[in-house]
Amino acid sequence: MRVLVVYCHPKPDSFVAAMRDAVVDGLNQAGHEPQVVDLYAEDFDPRFGAHEHAAYDNPEENGKGLEHYAEQLRAADGVVFVFPTWWYDMPAMLKGWLDRVWVPGVAFDLGEGGKRIRPRLQNVRLMAGVTSCGAPWWWSKLVGEPHRRILLRGMRALCAADCKQMWLGCYQMDGSTRKKREAYLATIRRRFARLA
């Protein structure tokens, strides 16, 4: 599979960068083709401006200047999001990428007269999230994991009907040990190395 790895963290030497590397290692072991999109390194602008908002419904006009991201998405068989959980959700940079790239004409078609949208990303057969979180697992579940719902329910609905999903979280990061972090990285590598 061609897998788009969307990575979002401001520090190049962060633990989240090690998570990204573990995803890429696992995908390579399985014979897949990972392509990393590093939103901070590419200086992606997450702001959804007034002009974009006005052009949003028009596939001829929306997404100007972001065509290469749309092409990456159209060419992918899978999308893996690698990011930290901040305040129980994804970073604003990643949310902005979703807002600005997953637009009508790329990710879906708007139904006439407010009818149901039609998914366009039938090529995407895997959607995965790999994250770190300061809160405990049970507390994350209690607050509802909004980022997980957005990615594995909302965005996944725009992909192939049989799109597989995967979610890997390393919780209580603030007090984690080196042993725990290394075990999490090993789990990431193993899970992605088993992807068919």
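Let's start with Arg-2: at 41% relative accessibility, Arg-2 counts as partly exposed, where buried means under 20% relative accessible area, exposed means over 50%, and partly exposed is in between (1.4 Å probe, protein chains only). This is a predicted model, so local features need pLDDT of at least 70 and side-chain atom pairs count only at pLDDT 80 or more, while totals for chains, interfaces and linings use all residues. Residues are numbered from 1 along each chain as its sequence is written, and side-chain values use heavy atoms, leaving out hydrogens and water.

Who does Arg-2 team up with? Arg-2 forms a salt bridge with Asp-77, and their closest N and O atoms are 3.4 Å apart. (A salt bridge is a side-chain nitrogen of Lys or Arg within 4 Å of a carboxyl oxygen of Asp or Glu.) The pair ties together distant parts of the chain, 75 residues apart: Arg-2 is in strand S1, and Asp-77 is in the loop between H3 and S3. Helices (H or I, at least four residues) and strands (E, at least two) are DSSP runs, numbered from the N terminus. Asp-77 counts as buried because its relative accessibility is 13%. Side chains of opposite charge can pair when their charged atoms come close.

A search of the whole structure turns up 11 salt bridges. Another one is between Arg-47 and Asp-45, with closest N and O atoms 2.9 Å apart. Here Arg-47 counts as exposed, at 61% relative accessibility, and Asp-45 as partly exposed, at 29%.

Now follow S1 into the sheet. Five strands form an open sheet in the order S2-S1-S3-S6-S7, with parallel pairing; two strands pair if DSSP finds at least two bridges between them. At the edges you'll find S2 (33-38) and S7 (164-170), each pairing on one side only. S1 (residues 2-7) and S2 share six bridges in the parallel sense, and Val-3 has Pro-34 as its bridge partner in S2.

Helices pack on this sheet. H4 (residues 92-101) touches S1 and S3 (78-84), and its direction makes about 150° with that of S3. Axes are lines fitted to C-alpha atoms, for helices over the stretch in contact, and angles run from 0 to 180 degrees between N-to-C directions. H6 (residues 146-155) lies across S3, S6 (126-132) and S7, running at about 170° to S7.

What sits inside? The largest nonpolar core has 38 residues, and Phe-81, Trp-97 and Trp-102 are among those with the most contacts inside it. A nonpolar core is a set of buried Ala, Val, Leu, Ile, Met, Phe, Trp, Tyr and Cys residues joined through side-chain atoms within 4.5 Å. H4 gives the most to this core, with five residues. Trp-102 touches residues including Tyr-56, Leu-73 and Met-155, contact meaning heavy atoms within 4.5 Å.

Finally, look at His-32, in the loop between H1 (15-29) and S2. Is His-32 buried or exposed? At 8% relative accessibility, His-32 counts as buried. A polar atom of its side chain lies 2.9 Å from the backbone nitrogen of Met-1, and His-32 also touches Leu-27 and Leu-195, among others.

Note on methods: Polar contact = N/O pair within 3.5 Å; in protein donor to acceptor, adjacent residues only side chain to side chain. Lists of a residue's contacts leave out its neighbours within four places in sequence.
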